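Please read it beside the sequence and the coordinates.

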Amino acid sequence: MLLHYQRVPREEAQRQLADFTRRLAARAAAHDVTILVQPVRAIDSNQVTTIADALKLIAAANEKAAKPNVALMIDYSFLIMQGDDLTH
């Protein structure tokens, strides 16, 4: 069991998050539910803090899906405050 103070390398954490998101999306698809991913503040997470991070997770989650149902949700004002690059 991993305790909250133990560090997981970012790449491994991203792999785990993508795997979880794939499984969640598959169950949600059975009920015609779409999963929305929104970047959060960098002080709240080290995983999905930019549009690029969110798009990478979405691509991984939808990669092998029979019915892709993971999409991007954007809070434009929040992204401006974060200083995210909106050109990519």
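Which residues form a nonpolar patch on the surface? The patch consists of I74, Y76 and I80, and together these residues have about 320 Å² of accessible area. Patch members have over 30% relative accessible area and no salt bridge, and nonpolar side chains are joined within 5 Å. A salt bridge is a side-chain nitrogen of Lys or Arg within 4 Å of a carboxyl oxygen of Asp or Glu. Areas come from the Shrake-Rupley method with a 1.4 Å probe.

The model is predicted, with local features needing pLDDT of at least 70 and side-chain atom pairs pLDDT 80 or more, while totals for chains, interfaces and linings use all residues. Residues are numbered from 1 along each chain, and side-chain values use heavy atoms, without hydrogens and water.

I74 sits in the loop between β2 (70–72) and α3 (76–82). Of the 88 residues in the chain, 27% count as buried (under 20%).

The chain has three helices and two strands, in the order α-β-α-β-α. These are DSSP runs of at least four residues for helices (H or I) and at least two for strands (E).

The largest pocket holds about 160 Å³ of space. α1 (10–29) and α2 (51–62) each give two or more residues to its lining, and α1 gives the most, with five. A pocket is an open set of 1 Å grid points where a 1.4 Å probe fits, with protein on both sides within 12 Å along at least five of seven lines; lining residues have an atom within 4 Å of a point.

| Lining class | Count |
|---|---|
| Nonpolar | five residues |
| Polar | two residues |

Technical notes
Grid points are joined across faces, edges and corners, and a volume is the space filled by probe spheres set on the points. Ala, Val, Leu, Ile, Met, Phe, Trp, Tyr, Cys and Pro count as nonpolar, Asp, Glu, Lys and Arg as charged, and the others, Gly among them, as polar. Patches are made of residues with over 30% relative accessible area and no salt bridge: like charges are joined within 9 Å, nonpolar side chains (Val, Leu, Ile, Met, Phe, Trp, Tyr) within 5 Å. Buried means under 20% relative accessible area, exposed over 50%, partly exposed in between (1.4 Å probe, protein chains only).
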